[in-house]
Each structure stands twice: as C-alpha cells, then as structure tokens.
Amino acid sequence: MIDNNTKFPDYITYPRTFDKYKWYRPLLTIIIAAILYFVFQCLIASIFSVIYGGSVVDSVLSGGYETLDTSDASIYISYLSIFVFIPAIYIANRLVGKRPFSSIASSRGGWNWNIYLKCLSIPLIIYLVFNVISLVFDHETPGHTNVSVIAMIIALVLIPAQCIAEEYVFRGVLMQSFGAWFNIPILAIIIQAIFFAIGHSYNTIGVVGIGISGILYGWLAWRTCGIEAGAAIHSINNLMSFFIVGLGLSSISSNVSTMDFVVDFLISLISVVALYYIGTKKEWFNEKTGENKLF
C-alpha cells in the first residue's frame, strides 16, 4: 500500500508551506467568506421568494428536515444555499491572496474530477447493498412517490454540488486553518468535525453521528491529500437519502434513532475504509492535478 503523504505535502498543514503564510490570513478568509455567504443567501432567498413566494423560503429557515419537501423548491433552496459557499470562499481567497484557491481542494495541485468520479463507485455499491437490505427488513408501510423525473435530474447536479461545497468549507478551509494554526492534524480533524456536526439540525445522537462522519471524512482527506474522496462518499450518502425519501421508501426526520445511528456509522466506516484501501491500492490518489485548476 502506498503512503500518499510521502509523495505530496501534508494536506491539513499545507497552508504553512506557502512563503507568505501568516496566521491571520486564514481567519480573514473565513470572515470574508462568511460575509459573502450571508449576502449570497439573501440573494437566493429574494429570488426564490419572488418566484415561489415567501412560504417556500420560510420552510427552509424554520429548521428541521421535516420541513423540506422533495417535491417543491424548498429542497433546492437548501442545496443552493450551501453551494454558494464555493464562490464565497473563492472570492474571499482572492481578496486575502497569498495562496492559490486550488490548495484548498488538495495538496496535489487542486480539485481532481478524475479522482472524484472514481471514488463514487465504491460507496455507491456499499450504500446500495445496505439500503436494499434495510428496505427488505423494514416493515413500515411505504409512503408515496413525491419526486418528479425533472426533480431527480436536478438533484443529480445540485446534491453533489452541495456536498462538494461542504467539503470545501469543513475539510478544506476550516480543517486547513486549524491545521496551520496548531500544526496538529488530528486536532484539526476533530475541531472541524465539531463545527460540521453543529451545522446540522438533528437530535443529539444524530449530531454525534454527523460529527463521526466529519472525523472520517477529515481523516480521508488527510490520508488522500485532498477532499475528493470524502466528497464522493458525502455525495452518495445525500443522493441515496434524497431518492429513498423522494420515492416514498422512507421519511425524512431530524430525530435519528439508535438503530439509524448504528447503521449510518457502519456504512460510513466501511465506505471510508474500503475506498481508502482500494483507492490507495489502485493509486487513485497519486495523480497530480495542474497547479492552476480552479477547483
């Protein structure tokens, strides 16, 4: 098995390798990105309010996943409101300067679509197997299909975009900022996972589960020198949830049960371990990306 960290710079502490690195630059980037994100959020809310009415936006702002409906615009507002993190981070990074935007995605030269697409295959198989088994032994009465073909097509674009944006925020900007400040990768992984968990509207056990997923994705980003692998698992997880709920095979809820917690943990752990083992064995993560790539 190849250790990718011997070939590329350490991903988590990567900002420290730049000649003009200063401790306050990551903080400035975070602050400016947060301000821009708020502005973009207001813009999205205004546009959707004009088109669909204020009630659709209110359903997103009210919190709790029960308020989201795969059959209306609220679900797409939710996805878009996360995706705009990427342009916010990009602009903030350009304003602060002194490091390429590509360094947020990986220490291999930037975001690599080839790696991301390859990494989708492993978690897809694992999630399909687990969900089929779950549906076979689930004796609850199925719901009704409330998602159209057009909505499915839109989801196939927006959900991965949303997941990639979250990886840029948590495993990218935040984890690298903490890694550069403390120079302790494990500590950076844990801290960003806490922020990742807080950003989700679940009950206590659900938030803990999200935090564990954040740790696993952070570890995967560290070991593969980039966020593509974690983004792939994240994308498959969210896509599966969307289609299962949309097809009426399950319901969406902010209250996670103990069994759901255990199942989600096992799926995430197996996906991360399997993807890292297979991807490393096949040398997926040894591919260097062009230094000037946007993503």
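Trainee: What makes the crossing where α8 passes α9 right-handed?

Mentor: The rule looks at the near helix: turned anticlockwise from the far one by less than a right angle is left-handed, clockwise is right-handed. α8 passes α9 in a right-handed crossing. This is a predicted model, in which local features need pLDDT of at least 70, side-chain atom pairs count only at pLDDT 80 or more, and totals for chains, interfaces and linings use all residues. Residues are numbered from 1 along each chain as its sequence is written, and side-chain values use heavy atoms, with hydrogens and water left out.

Trainee: Why are α8 and α9 called oblique to each other?

Mentor: The axes of α8 (residues 185–198) and α9 (residues 204–224) come within 8 Å and cross at roughly 140°. Axes are lines fitted to C-alpha atoms, for helices over the stretch in contact, and angles run from 0 to 180 degrees between N-to-C directions. Under 35 degrees is roughly parallel, over 145 roughly antiparallel, 65 to 115 roughly perpendicular, and the rest oblique. α8 and α9 are therefore oblique. The helices themselves are DSSP runs (H or I, at least four residues; strands are E, at least two), numbered from the N terminus.

Trainee: Which residues make the contact of α8 with α9?

Mentor: Contact means heavy atoms within 4.5 Å. From α8 they include I186, I189 and F196, and from α9 they include I210, G214 and W222. The contact divides into 11 nonpolar, 4 polar and no charged residues. Ala, Val, Leu, Ile, Met, Phe, Trp, Tyr, Cys and Pro count as nonpolar, Asp, Glu, Lys and Arg as charged, and the others, Gly among them, as polar.

Trainee: What makes α6 and α10 oblique to each other?

Mentor: Their axes are 8 Å apart, at an angle of about 40°. On the angle rule, α6 and α10 are therefore oblique. The crossing of α6 and α10 is right-handed. Among the residues in the contact are Y116, L120 and Y127 of α6 and A232, I236 and M240 of α10. By class, this contact has 15 nonpolar, 3 polar and 1 charged residues.

Trainee: How do you know how α7 lies against α10?

Mentor: The axes of α7 and α10 come within 9 Å and cross at roughly 140°. That makes α7 oblique to α10. α7 passes α10 in a right-handed crossing. Residues of α7 including L156, I159 and R171 meet residues of α10 including H234, L239 and F243. The classes are 12 nonpolar, 5 polar and 3 charged.

Trainee: What separates a cavity from a pocket?

Mentor: On a 1 Å grid over the protein atoms alone, a cavity is a set of points where a 1.4 Å probe fits but cannot get out; a pocket is an open set with protein on both sides within 12 Å along at least five of seven lines. Lining residues have an atom within 4 Å of a point. The structure holds 1 cavity of 30 Å³ or more. The largest cavity has a volume of about 160 Å³. Volume is the space filled by probe spheres set on the points, with grid points joined across faces, edges and corners.

Trainee: What lines the largest cavity?

Mentor: It has 16 lining residues, with R25, P26, T29, N93 and R99 nearest its centre. The lining divides into 7 nonpolar, 6 polar and 3 charged. α7 gives the largest share, 4 residues.

Trainee: And which classes line the second largest pocket?

Mentor: The lining has 15 nonpolar, no polar and no charged residues. α7 again supplies the largest share, here 6 residues.
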